[in-house]
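Hi there,

Here is the structure I promised to pass on. My notes on what turned up follow below it.

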Amino acid sequence: MTLFDAISTPLPRRLREGLDRIAAAMRADEWGVAEEAGLTPTQLHALTFIAGRGDVGMRLRAVAEHLGVTQPTATDSIAALARKGLVVKLPDSEDKRAVAIRVTPAGCDVVRAIGLAMTSAERALETLTPPEQQTLLELVIKTIRALQQAKAIPPQRLCVTCRYFRPYAHEDAELPHHCALVDAAFGGRHLRLDCPEHDAAPPPVLEAAWRVFERRSA
Ligand code: SF4
């Protein structure tokens, strides 16, 4: 054991401390973007989440689960967004007794403007080389999946958990993966964290695909 092995805090703890610093910058970014749009960060998250589900709309419980907040908090945020004309509540197409929340055209305009806002975290990430960014994306995906497995976060719409994902189906180092939905090859840099077309893979398929991805990626 070296001197620094003896005096260093465990590596996962220092990584968490580093990620805390980055998260603090991201929270400050979010406050800035949300403030400019006249929203709170929770309203901003709810709006972008619902917009990502397109015309299908989302049930309130799903919004609350995704945001990691209570249903009353989600209800307040949705009510505020509705008052601003950014979302509407409509009967759910699958269950007439339920309500689906959908983004209005005005809400879509806000989401588009927010998406174009370059944050300080993005500018910092741009200083990494493209291979470093891809490696980081793969490591982030692995960490998100581990959190999902531990039920610390709700299921995410990741490529690596999708029934259409075929990891390392191609010999092409640039485009090794395959999306069976659109029947096209794609690269590690294209891996999605929130794909609207995501369809959860059944457990045995998911595990088999994950083993291949885990073995060969960063
Ligand atoms: S449908 Fe979306 S989540 Fe599924 S593999 Fe294709 S790009 Fe990835």
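This is a predicted model: local features need pLDDT of at least 70, side-chain atom pairs count only at pLDDT 80 or more; totals for chains, interfaces and linings use all residues.

Residues are numbered from 1 along each chain as its sequence is written, and side-chain values use heavy atoms, leaving out hydrogens and water.

H3 covers residues 41-52 and H4 residues 60-67; they pack at about 120°, with axes 10 Å apart. Thr42, His45, Ala46, Phe49 and Ile50 of H3 meet Ala62, Val63, His66 and Leu67 of H4 (contact means heavy atoms within 4.5 Å).

H3 also packs against helix H5 (residues 71-83), at about 75° and with axes 9 Å apart. That makes H3 roughly perpendicular to H5 (65 to 115 degrees).

Now the rings: there are three aromatic pairs (ring centres within 6.5 Å; planes under 30 degrees apart are stacked, over 60 edge-to-face, the rest tilted). Phe165 and Phe186 make a tilted one, 6.0 Å centre to centre with 45° between the planes. Both of these residues, Phe165 and Phe186, are buried (under 20% relative accessible area, 1.4 Å probe, protein chains only). The Phe165 and Phe213 rings have centres 6.1 Å apart and planes at 65°, so that pair is edge-to-face. Phe165, Phe186, Trp210 and Phe213 form one aromatic cluster.

Best wishes

Key
Axes are lines fitted to C-alpha atoms, for helices over the stretch in contact, and angles run from 0 to 180 degrees between N-to-C directions. Helices (H or I, at least four residues) and strands (E, at least two) are DSSP runs, numbered from the N terminus. Angles under 35 degrees count as roughly parallel, over 145 as roughly antiparallel, 65 to 115 as roughly perpendicular and the rest as oblique. Buried means under 20% relative accessible area, exposed over 50%, partly exposed in between (1.4 Å probe, protein chains only).
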